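Keep the structure in view as you read.

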Amino acid sequence: MERRSFLKNFSLAGALLTVPPALAEAATFAAPVKKDIGNITLKGKVQSKGTGIAGIAVTDGNNITLTDKNGNYELLSNNTAEFVYISMPSGYQFTNDKGIAKFYVPVNASSNIFKADFELEKLAVDDKQHCFVVWADTQMISEKDVELLKSQSVPDLQQLVAAYPKQTLFHGIGCGDLVWDKFELFEGYKQAIDSTGVTFFNVIGNHDMDLDARTDELSAKTFKKQFGPTYYSFNRGDIHYVVLDDVFFIGTAKQYIGYITENQLQWLEQDLLQVKPGSTVVVSLHIPTNTGAARRNKKDAELGSVVANRKQLYKILSPYKVHIMSGHTHFNDTWEENNIMEHNHGTVCGAWWTGPVCGDGTPNGYGVYEVNGSEIKWYYKSTGLPKTNQLRLYGKGKSKNNPDEIVANVWNWDVKWKVEWFEDGVEKGGMEQRAALDPLAVELYAGPELPKKHKFVEPTLADHIFFATPSANAKQIEVRATDRFGNIFSEKLSIA
């Protein structure tokens, strides 16, 4: 390594300054190693059985070009490019390596031309109808956690897929925090994904970053070796899917903010030029762009809890019908405004593999999305429970405000749901909604004295908690929750 020293004597503004020898020695420093940035041409062909495919977007993460009529592409880049990758087109199989989506080639910048071809296989079925699942925060810190993922979550997803018609196309989105700072467990995560039989596209989370990196740009080094680029897009049917990296590492261990870099925003603007305005776009990222947590807790949002420059993202997405998929919070939350709806998911690991529910009482599980053309329907799938399990009902004595109230947690509720209650078969109307704690989460997690796997786990306020006060002589209570698609879910409770 080249070393450089300051001169012991140097002039400044006509004056001769003398630096003490000891200080001069202390000022000796190692000059940074510079990498000359030179041009490199990325070129190749996107084809299927020898026939080129026209109009496929190819990128180096900065600029985007389209393949010509023969499927050829050429992109002037530079030797800082890490990958050349494509936006997988509709109508073709997702290429994967043991379940992990492969749409990229690592760039070898040893010469000024790098060639990479992409071979695609046409689907045998129309992909305008398909399904996808969102696994948020598998977040494993030990081999025991890996075994829980393999023994609980994997069979659940296998059974879910098997319950659909055989030709149904499925893909998955691993929505960040795939592990919990233990990179050796990435292998267990990949083994689990491989076992599901579903191709997964993966998002980087704050626990998937190299914590010893000096900058955000270098914090994804290990993740990229395992899963490729941290931002990219792909297509299936009429839906355009985008994955972004919104975890900005600030250079000290476990410190980050929710923020999307200018480089990504510029790339996204180019990417969306290929998407017709009015189309449905699904954007997946780890930290939610926004949630109701700050409002519920009556305080400002923390920088690491939402995306600071989210309004700039919303502006870019304004021509489209948008669903945002996020994780990170370990609670279930939704909001919608104008053209955007965000789904902040309850987690696969629940409360960090501590118990059967997240801090808001949402069962360990994942989101399931059914696509028909440009329309999407969805539900939350609780691990180990039937898809009809969409609420939990508590009898008297569980409400903090009134011991005579009954409580219902409808975890996938949004503003277009209807939650009603019946007393001994008589309709009583809508239930009162309040931001509150789930009684089971309180029982399992409230207070540091409980024998919890992780002491920091606590119940969290949720908007999806509902209350009603039965009459003194009521015998049976029923709660019916009707989702925005007209599906009705009910639970009954006998009370003394």
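What percentage of the 496 residues in the protein chain do buried residues make up? Buried residues make up 54% of them. Buried here means under 20% relative accessible area, exposed means over 50%, and partly exposed lies in between, with a 1.4 Å probe and protein chains only.

This is a predicted model, in which local features need pLDDT of at least 70 and side-chain atom pairs count only at pLDDT 80 or more, while totals for chains, interfaces and linings use all residues. Residues are numbered from 1 along each chain as its sequence is written, and side-chain values use heavy atoms, with hydrogens and water left out.

Take the whole chain now. Its C-alpha atoms fill a box of roughly 95 × 65 × 40 Å along the principal axes. The secondary structure comes to 8 helices and 36 strands. These are DSSP runs numbered from the N terminus: helices are H or I with at least four residues, strands E with at least two. Contact means heavy atoms within 4.5 Å. Of the contacts with a separation of 6 or more, 68% join residues 24 or more positions apart.

Next, a helix pair. Helix α5 (residues 262–272) packs against helix α7 (residues 310–317) at an angle of about 15°, and the axes are 10 Å apart. The axes are lines fitted to C-alpha atoms over the stretch in contact, and angles run from 0 to 180 degrees between N-to-C directions. That makes α5 roughly parallel to α7; angles under 35 degrees count as roughly parallel, over 145 as roughly antiparallel, 65 to 115 as roughly perpendicular and the rest as oblique. From α5 come Leu-265, Leu-268, Glu-269 and Leu-272, which meet Gln-312, Leu-313, Ile-316 and Leu-317 of α7.

Now the aromatic rings. Rings of Phe, Tyr and Trp (its six-membered ring) pair if their centres lie within 6.5 Å; planes under 30 degrees apart count as stacked, over 60 as edge-to-face and the rest as tilted. The count comes to 28 aromatic pairs. In one of them, the ring centres of Phe-103 and Tyr-232 are 4.4 Å apart and the planes stand at 35°, so the pair is tilted. Phe-103 sits in the loop between β12 (100–101) and β13 (104–106), Tyr-232 in strand β19 (residues 232–236), 129 residues apart.

Tyr-232 also pairs with Phe-201, again tilted, at 6.4 Å centre to centre and 35° between the planes. Phe-201 lies in strand β18 (residues 199–202) and Tyr-232 in strand β19, so this pair ties together parts 31 residues apart in sequence. Phe-201 counts as buried at 1% relative accessibility, and Tyr-232 at 2%. Phe-103 is buried too.
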